[in-house]
Amino acid sequence: MAMKDAGYLVEADFCRIFRNWYRAQDEAGISCTQRHEFEQELRHWLLNGVRFDVFPLEGRYVKDIPVILFEGLLLHIDRRSQLYTLTGGSYNTRNIGTLDVENLFGAFQDWDCKITGVLRAEEVPQAMFSACDLYNTRLNEFRDHLFDMPERKTTNPKRKQGTITSLNEPARGSKGIRADRYKVDESKILPHVPGILLDDNLT
């Protein structure tokens, strides 16, 4: 709103599109239809005004965006849109990664009472059965995913926070003057220096 009031309408619209795209990837309580609309809005903005029927094509930058990032955003949006067809509807948008097979084996930890993720040989069949049953429930096309339900939206999300030492206190983790200045540390010697120091031919 502040950017629009200052007259930066184009910049404000750009920020809104990217913010909505980020919400579609991470925010809970948004329907799959709304997520898809946010992603397609960014896709339309990326392709608007870009011509692929002329030569030479765009170089290292497309619309002032590095071409690798530009192509990555388009691929990201298209693949997530295709997943709605493959799953028959809703899916957990946070559960998508480049190594999808790890999601299946990661489910073993949900059933590991030792919470180590390491199973004995005799535990693998039961763990595989439980993991497959769990994923069949999660990917049920007639079941709305909990992540997309309005009840899942957190009113006051918890954020990680920490504190640092004040200006008049020594920084945590810093080494003392004796450890840093006067203690021998041969790892700091360059590789060629010991050979020079031990050379008997030196005069």
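**View 1. The left-handed crossing of helix H2 with helix H3.** In this predicted model, local features need pLDDT of at least 70 and side-chain atom pairs count only at pLDDT 80 or more, whereas totals for chains, interfaces and linings use all residues. Residues are numbered from 1 along each chain as its sequence is written, and side-chain values use heavy atoms, with hydrogens and water left out. Helices are DSSP runs (H or I, at least four residues), numbered from the N terminus, and a crossing is left-handed if the near helix is turned anticlockwise from the far one by less than a right angle, and right-handed if clockwise. Helix H2 (residues 9-26) packs against H3 at an angle of about 140°, with the two axes 8 Å apart, and H2 is therefore oblique to H3. Axes are lines fitted to C-alpha atoms, for helices over the stretch in contact, and angles run from 0 to 180 degrees between N-to-C directions; those under 35 degrees count as roughly parallel, over 145 as roughly antiparallel, 65 to 115 as roughly perpendicular and the rest as oblique.

**View 2. Residues in the contact of H2 with H3.** From H2 come Phe14, Arg16, Ile17, Phe18, Asn20, Trp21, Arg23, Ala24 and Gln25, and from H3 come Arg35, Phe38, Glu39, Glu41, Leu42 and Trp45, where contact means heavy atoms within 4.5 Å. Sorted by class, this contact has eight nonpolar, two polar and five charged residues.

**View 3. Packing of helix H3 (residues 32-47) with helix H4 (residues 67-87).** The axes of H3 and H4 lie 10 Å apart at an angle of about 150°, so the two helices are roughly antiparallel to each other. Their crossing is left-handed. On the H3 side, the residues in contact include Cys32, Arg35, His36 and Glu39, which meet a set in H4 that includes Phe70, Leu73, Leu74 and Ile77. By class, the contact of H3 with H4 has nine nonpolar, three polar and five charged residues.

**View 4. Leucine 75 in helix H4.** Leucine 75 is partly exposed, at 46% relative accessibility, a class that lies between buried (under 20% relative accessible area) and exposed (over 50%), with a 1.4 Å probe and protein chains only. The C-alpha atom of leucine 75 is separated by 9.7 Å from that of arginine 43, which is 32 residues away along the chain.

**View 5. Cysteine 15 and cysteine 32.** Cysteine 15 is partly exposed, with a relative accessible area of 38%, and cysteine 32 is also partly exposed, at 24%. The structure holds zero disulfides, a disulfide being a pair of cysteine sulfur atoms within 2.5 Å.

Conventions. Nonpolar A, V, L, I, M, F, W, Y, C, P; charged D, E, K, R; others polar.
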